[in-house]
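Dear colleague,

Please find the structure below, handed over for your review.

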Amino acid sequence: MDSKSATIIASAAYLPPKRVENSHFETYLNTSDSWIYERTGIKERRWAENDVKASDMGLIAAKEALKKAQIDPKEVDLILVATMTPDQPLPSTAAIIQSKLEGCRAPAMDISAACSGYLYGLSVAKAFIESGMYATILLIGCEKMTQVLDPEDRSTVILFGDGAGASVIKKGGSGLRIDRVVLGLDGNLAGSLCIPNGKKMQMSGQEIFKTAIQKGVEIIELLMEQEMLSMNDIRYILFHQANIRIMQNIQKRLLIPEEKVPTTIGYTANTSAASIPILLQSIPHEKNHRYMSVAFGAGFTYAGAVFTSL
Ligand code: ACO
């Protein structure tokens with residue numbers, strides 16, 4: 001690993017102000033705060049107002065990340081937007097964000113990999129930067145999950161929240177060096193979490209739950225082997241925030257100490273492609289540590305990454 005490695009030099013997150021507690025669902029569904037909290041670890045989530053789109057939240061996070069990185073929008077060479085809730089089918093949400101980033105003329109595209117979208121995007125950014133094709137990439141994960149939820153479906157509506165996160169990625173420098181990204185997909189499970197045309201999200205919760213644990217364990221073991229790491233070498237494992245019990249099951253199987261697993265699930269719920277950059281913003285930057293990240297989602301997609309904090 002050297003100064004040619006792609007590095008996240010700054011990140012930012014945005015959560016809409018409207019907080020929705022579990023008790024909201026008790027008013028019209030056969031559910032309870034205790035059922036939701038015990039089965040998922042979620043206490044509340046943020047919901048965007050009706051006229052706010054994924055691009056609006058992504059733009060706020062992107063501007064903040066660029067400000068922190070001291071990068072002018074003109075300097076951005078490529079914009080990648082990971083989202084499963086695009087503003088509309090065409091143009092891409094990335095194109096809409098580019099048009100609102102003053103002075104930015106960068107090519108831009110969406111990445112559709114559901115909750116694994118941010119790590120899928122990170123792999124694209126790493127490859128473009130290390131090949132020398134681009135020097136500065138803006139990666140955004142933004143989701144308006146409420147636009148694809150059926151408010152009457154108690155098994156899905158309780159699980160998700162809206163939000164956005166963004167990262168600026170460059171070659172070298174201080175921040176989080178991206179040492180390795182691995183990607184995977186099991187298309188046989190495509191039907192277990194989907195949004196058929198004109199319909200709302202449909203999910204086979206137990207199948208997703210079991211597969212997430214199995215793939216999470218596999219990814220962590222693979223990354224530890226590839227990077228020759230023991231659990232002692234890892235400071236944080238940044239899990240996609242879907243359900244506290246998925247994380248706890250993986251922790252138990254791999255003997256991962258609690259303090260290595262920061263969470264936001266209690267107050268964000270599952271924000272899909274925005275979840276990992278939001279989580280990243282919730283922890284202090286500690287230098288000279290190895291971090292790992294693991295994600296899984298519809299597809300069935302899964303992904304992992306190893307970083308060095310510099
Ligand atoms: N309140 C009360 N009861 C409920 C609720 C609710 N909100 N939702 C479901 N139930 C009921 C079910 O109807 C079922 O009732 P029944 O036994 O009478 O049929 C009972 O609770 C048990 O249901 P299960 O599905 O077995 O509950 P489980 O313990 O598996 O928890 C959950 C359900 C929370 C959805 C869990 O399966 C889960 O978290 N799965 C993973 C979901 C996930 O992470 N999805 C996102 C993936 S990332 C992405 O790409 C978007």
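The charged end of Arg235 lies over the ring of Tyr236, 4.2 Å from the ring centre (criterion: NZ of Lys or CZ of Arg within 6 Å of the ring centre and within 35 degrees of the ring normal).

This is a predicted model, in which local features need pLDDT of at least 70 and side-chain atom pairs count only at pLDDT 80 or more, while totals for chains, interfaces and linings use all residues. Residues are numbered from 1 along each chain as its sequence is written, and side-chain values use heavy atoms, with hydrogens and water left out.

The structure holds three aromatic pairs (rings of Phe, Tyr and Trp, the last by its six-membered ring, with centres within 6.5 Å; planes under 30 degrees apart are stacked, over 60 edge-to-face, the rest tilted). Among them, Tyr236 and Tyr291 are edge-to-face, because their centres are 5.2 Å apart and their planes stand at 80°. Tyr236 belongs to strand 11 (residues 234-239) and Tyr291 to strand 12 (residues 289-297), so the pair ties together parts 55 residues apart in sequence; strands are DSSP runs of E, at least two residues, numbered from the N terminus. Both tyrosines, Tyr236 and Tyr291, are buried (under 20% relative accessible area, 1.4 Å probe, protein chains only).

Glu143, in strand 6 (residues 136-143), is also buried. Its side chain makes a polar contact of 2.6 Å with that of Thr85 (N or O atoms within 3.5 Å, one able to donate a hydrogen and the other to accept it; residues adjacent in sequence count only if both atoms are side-chain atoms). The Glu143 side chain also reaches the backbone nitrogen of Ala273 at 3.1 Å.

Kind regards

Conventions
Helices (H or I, at least four residues) and strands (E, at least two) are DSSP runs, numbered from the N terminus. Buried means under 20% relative accessible area, exposed over 50%, partly exposed in between (1.4 Å probe, protein chains only). Lys and Arg count as positive and Asp and Glu as negative; His and the chain ends are not counted. A salt bridge is a side-chain nitrogen of Lys or Arg within 4 Å of a carboxyl oxygen of Asp or Glu.
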